[in-house]
Amino acid sequence: MTTIPFDPYLKACPSRTVLDRVADRWTVLVVGALADGPQRFSALAQRVDGVSQKMLTRTLRGLERDGLVRRTVHAEVPPRVEYELTPAGRDLLGPMQAIERWTLDHSADVLAAREAYDAAHG
């Protein structure tokens, strides 16, 4: 089996589309929300405050297409649909949680830097 040398710094490299997916704000939040296990759409919408129904649907479909989320329809009346991370999606949790931790640890510093910059350049 031949491996393709991916380089996201090259404009035409297909790995850029993967980077676009995993670096997206809604992807980060949805993957984080699914860390504790399968969830229904309504639970995800409640957990990811501010996401529109349209954007959550689009994000979940993209994650499913990319093999990071599994959508399961349970044969009930009414049908119950759950979303959960696949093994690849669970493998993404470590980097996502590291970004979340960094964000929480450094938000105050970043906001202070923005304020100082805006005051000096405003």
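Two strands count as paired if DSSP finds at least two bridges between them. Strands (E, at least two residues) and helices (H or I, at least four) are DSSP runs, numbered from the N terminus. Keep that in mind for the first stop.

Before you click: this is a predicted model, where local features need pLDDT of at least 70 and side-chain atom pairs count only at pLDDT 80 or more, while totals for chains, interfaces and linings use all residues. Residues are numbered from 1 along each chain as its sequence is written, and side-chain values use heavy atoms, with hydrogens and water left out.

**Stop 1: the sheet.** Select E1, E2 and E3. The three strands make an open sheet in the order E1-E3-E2, with antiparallel pairing. Strand E1 (39–40) and strand E2 (69–74) are the edges, each pairing on one side only. Now zoom in on E2 and E3, which are joined by six bridges and run antiparallel. A hairpin takes you from E2 to E3 through five residues.

**Stop 2: the core.** Next, show side chains for Val30, Val31, Leu34, Leu44, Leu60, Val69 and Tyr83. These have the most contacts inside the largest nonpolar core, which has 20 residues. Such a core is a set of buried Ala, Val, Leu, Ile, Met, Phe, Trp, Tyr and Cys residues joined through side-chain atoms within 4.5 Å; buried is under 20% relative accessible area (1.4 Å probe, protein chains only). Helix H2 (25–33), helix H4 (53–65), strand E3 (80–85) and helix H5 (87–121) each supply at least two of its residues. H2 has the largest share, with four.

Centre on leucine 60. Leaving out residues up to four places away in sequence, leucine 60 touches Val30, Phe41, Leu44, Val69 and Tyr83, a contact being heavy atoms within 4.5 Å.

Stop 3: H2 and H5 are the elements giving two or more residues to the lining, and H5 gives the most, with seven.

Methods:
Buried means under 20% relative accessible area, exposed over 50%, partly exposed in between (1.4 Å probe, protein chains only).
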